[in-house]
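Subject: Structure handover

Hello,

The structure is below for you to take over. My notes on what was found in it follow.

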Amino acid sequence: MKKLILVAFLLVGMTSFAQGKEGKLDRKERLSPEQKEAFLLRKLIKELDLNADQQVKVKAIIATESNKRRELMDARKAKRESGQKPTEQEKADMKKSLQNEQAAFDANLKGVLTSDQYTKWQKIKEERKEKMREKMNERLEDKM
């Protein structure tokens with residue numbers, strides 16, 4: 001009887017463990033930049049109730065932002081592959097340039113969105129930041 005209970009617990013444990021990463025994408029299965037842009041656009045259309053004119057403008061803003069980010073990431077990747085580590089000054093410059101890009105993106109969106117839509121956008125951004133913080137904390141706790 002004890003063996004039967006032990007086997008049952010093992011089976012339940014193994015099946016629940018095997019289902020743990022369901023819904024998460026493997027690194028190889030991540031979305032392409034174009035798919036990410038389309039996903040973000042669909043989300044903004046749904047969440048902010050964008051009209052047709054706004055959709056076209058927001059799509060262009062997202063595309064230019066994505067291209068700029070891709071260029072920055074490619075430059076960082078090339079440096080990393082060459083074996084060069086960024087200095088503290090370069091890290092600070094990269095951080096500042098990313099913050100400037102985010103501010104420009106927000107300013108462009110603010111020009112397209114109504115005040116209510118922009119307020120919603122700010123709220124969505126804050127929720128996303130909080131979610132990312134929680135995930136980082138979970139990862140740190142899992143490593144310990």
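Buried here means under 20% relative accessible area, exposed means over 50%, and partly exposed is in between (1.4 Å probe, protein chains only). By that cut-off, 15% of the 144 residues in the protein are buried.

This is a predicted model, in which local features need pLDDT of at least 70, side-chain atom pairs count only at pLDDT 80 or more, and totals for chains, interfaces and linings use all residues. Residues are numbered from 1 along each chain as its sequence is written, and side-chain values use heavy atoms, with hydrogens and water left out.

The pLDDT (the predictor's confidence in each residue, from 0 to 100) averages 83 over the protein, and 80% of the residues score at least 70. Helix α1 (residues 2–18) has the lowest confidence, with a mean of 60, while helix α5 (residues 115–143) has the highest, at 91. Where pLDDT is low, the predicted coordinates should not be read in detail.

The protein has five helices and zero strands. Both are DSSP runs numbered from the N terminus: helices are H or I, at least four residues, and strands are E, at least two.

Two sites are listed here.

- T114 lies in the loop between α4 (88–112) and α5. T114 counts as partly exposed because its relative accessible area is 41%. Its C-alpha atom is separated by 9.5 Å from that of L50, 64 residues apart along the chain.
- E138 is in helix α5. E138 has 48% relative accessibility, so it counts as partly exposed.

Regards
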